[in-house]
Amino acid sequence: FDENTRAVLDLVVSAVLQDGRCGGGVVAEELVSSTPWHEAGRPGMRLEFDVCGDKGCYLGVCHASVNESSKPRLRNLFLDGQAVELPGPPTLAAGSRESD
């Protein structure tokens, strides 16, 4: 993985741990796809991956903004199509389903 992809997957693992539905021992197991994504002209990435923990595995999809001058920011995260609430300011995932 490149540095940005690794940083986004680290954010995903933290969010999934906080969410709790995978239990403990959360690991992003396999990166299924990584494609460019843009939000309001800002560069980013869309990742699809398998994430597993003590309670089972899920197909994860996330969008993250990636800026060379700052750390990547997780914009939304879905596990098997269900939005995961992210800490901090409201995100695109709030109250929606994954549609990409």
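This is a predicted model: local features need pLDDT of at least 70, side-chain atom pairs count only at pLDDT 80 or more; totals for chains, interfaces and linings use all residues.
1. The largest nonpolar core has 21 residues. Those that touch the most other members are V8, V12, V16, F49, C62, L74 and L77. Two or more residues come from each of helix 1 (3-19), strand 2 (42-53), strand 3 and strand 4 (73-79). Helix 1 gives the most, with 6 residues. As background, nonpolar side chains tend to be buried together in soluble globular proteins.

2. Strand 3 spans residues 56-65 and includes H63. H63 counts as buried because its relative accessibility is 3%, and buried means under 20%. What does the side chain of H63 make a polar contact with? The partner is the side chain of N76, at 2.8 Å.

3. A40 lies in the loop between strand 1 (27-39) and strand 2. Its phi is near 50°, a positive value in a residue other than glycine. Most residues other than glycine have a negative phi, which is the reason to look at this position in the model. A40 is exposed, because its relative accessible area is 75% and the cut-off for exposed is over 50%.

4. D80 is found in the loop between strand 4 and strand 5 (82-83). Phi of D80 is also a positive value, near 50°, and D80 is not a glycine. The relative accessible area of D80 is 46%, so D80 counts as partly exposed.

Note on methods. Residues are numbered from 1 along each chain as its sequence is written. Side-chain values use heavy atoms; hydrogens and water are left out. Helices (H or I, at least four residues) and strands (E, at least two) are DSSP runs, numbered from the N terminus. Buried means under 20% relative accessible area, exposed over 50%, partly exposed in between (1.4 Å probe, protein chains only). A polar contact is a pair of N or O atoms within 3.5 Å; within protein, one must be able to donate a hydrogen and the other to accept it, and residues adjacent in sequence count only if both atoms are side-chain atoms. A nonpolar core is a set of buried Ala, Val, Leu, Ile, Met, Phe, Trp, Tyr and Cys residues joined through side-chain atoms within 4.5 Å.
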